[in-house]
Amino acid sequence: MTTIDGEVAYGFEPVREAFAANFARHGDLGAAVCVYLDGQPVVDLWGGIADPHTDRPWTRDTLQLVYSATKGATAAAAHLLAQRGALDLDAPVAEYWPEFAANGKAEIPVRWLLSHQAGLVALDQPVPLAEALAWHPMVAALAAQRPVWTPGTAHGYHGRTFGWLAGEVIRRVSGRTPGRFFADKIAAPLGLDFFIGLPAGERDRVSRMVYQQPDVDLTTVPPESIPEELRDLVAAWRDPNSFSNRAFAVTDPAEIDFNSPDVQAAELPASNGIGTARALARLYAALIGEVDGVRLFTPETLASATKEQASGMDQVMVVPSRFSSGYMLPTETNPMTGPNAFGHTGRGGSLGFADPEHGIAFGYVVNHIIGGANDVRATSLVDAVRRSLV
């Protein structure tokens, strides 16, 4: 039986039970979960193994790469610049990044980058990975790229390109790289253990990710055996030219080793944020209220950041999705704790979100990368939070 360390406030015991069940029944190897209520931590738990190669245990300060949950941190940086009057989300991107105007993109507003409406999910020519990690070659390629759909007419998850697109606007406006801006203006005031671009001195604290292969590879199953509701999605997976595949093939090679020190040290504001569940929850808590004297968003900024901008069939994920300016909004498959919640998932299970109606902020980080419909770990924890609020 996995030892669960940490603390749970009275009334939130169901979260501890669900967290323990994730290890016993749902495949967790190493993980942490944290919940804030009205600016105060009420759940702070961790357990398991940080590195299965060495049996290094998960401790209070273990860091975990959270994949696309990083996008919520990057969006916070953009909204903070808007709140300070340095960035107009409804102004053309080209006003801040003139080269971006090429190939019919002169009128695309910043907000469409954040809400996945810009049509820049893919590149005609992928960028060598080493150059993408160096930043400037990738943003030059995106500036030159023609959108793959008419911007503003559809939305599709910019799984990889979101970070360079939003990050370059942050860099142009602030004069700091997006990771540096986040560190200086968000992480430092809040005391967050969260990095976009891992400092060398923090490397030994990072867990090692382990990847589970799916029990069934639907791309090899005869089409007539696939459930009807999944056929369009599986057809997209099978097509190398689909947006579903091209969106994650903007580098050469397309597959990125996120356990690599070089990848973790680079700034990939869409996908390589590294931190604790505590930091993720604390960040979201400061978006909706005060945490130890610090509040990041005014009520007006919060309303702007969380207003729905795009919904319906996602051109990349080939399922219905909903986005505000940088955040996922609740759906049937990711209800969070209520209709007013907002946040972001990460590949394999990580999740950060806030629910201003209930005063809840949530962070869950995990090193066993599962994902898919069979992964109930984050959902079970959120369900336990919801029960604790009754």
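In this predicted model, strand β10 (residues 273–275) and strand β7 pair in the antiparallel sense over three bridges, and within that pairing phenylalanine 195 has isoleucine 274 of β10 as its bridge partner. The two strands belong to an open sheet of three strands, which has the order β5-β10-β7 and antiparallel pairing. Its edges are formed by β5 (64–65) and β7 (194–196), each of which pairs on one side only. Strands of a sheet pair through backbone hydrogen bonds, in either a parallel or an antiparallel sense.

A pair of aromatic rings is described by the distance of the centres and the angle of the planes, and a search of the whole structure finds ten aromatic pairs. One of them joins tyrosine 157 and phenylalanine 323, whose rings are stacked, with 6.1 Å from centre to centre and 5 degrees between the planes. This pair links distant parts of the chain, since tyrosine 157 lies in the loop between α5 (136–144) and α6 (161–174) while phenylalanine 323 belongs to strand β12 (residues 320–323), 166 residues apart. Both tyrosine 157 and phenylalanine 323 are buried.

A further pair, that of tyrosine 284 and tyrosine 327, has ring centres 6.2 Å apart and planes at 65 degrees, and it is therefore edge-to-face, because planes over 60 degrees apart count as such. Here too distant parts of the chain are linked, with tyrosine 284 in helix α11 (residues 277–288) and tyrosine 327 in the loop between β12 and β13 (342–345), 43 residues apart. Tyrosine 284 counts as buried because its relative accessibility is 1%, and tyrosine 327 counts as buried at 0% relative accessibility. Together with Phe342, Tyr284 and Tyr327 form one aromatic cluster.

An aromatic ring also takes part in a contact with a charge: the charged end of lysine 105 sits over the ring of phenylalanine 100, at 5.1 Å from its centre.

Turning to the pockets, the second largest pocket has a volume of about 160 Å³. Its lining includes Gly6, Glu7, Tyr36, Trp46, Arg60 and Arg278. β1 (4–8) and β3 (40–51) each supply at least two residues of this lining, and β3 gives the most, with five residues. By class, the lining of the second largest pocket has seven nonpolar, one polar and four charged residues.

Notes
Residues numbered from 1 in each chain as written. Predicted model: local features only at pLDDT ≥ 70, side-chain atom pairs only at ≥ 80, totals over all residues. Heavy atoms only, no water. Phe/Tyr/Trp six-rings, centres within 6.5 Å; stacked < 30°, edge-to-face > 60°. Helix = DSSP H or I, 4+ residues; strand = E, 2+ residues; numbered from the N terminus. Buried < 20%, exposed > 50% of the residue type's maximum accessible area, 1.4 Å probe, protein only. Lys NZ or Arg CZ within 6 Å of the ring centre and 35° of its normal. Pairing = 2+ DSSP bridges. 1 Å grid on protein atoms, 1.4 Å probe; cavity = no way out; pocket = protein on both sides within 12 Å on 5 of 7 lines; lining within 4 Å. Points joined across faces, edges and corners; volume = space filled by probe spheres on them. Nonpolar A, V, L, I, M, F, W, Y, C, P; charged D, E, K, R; others polar.
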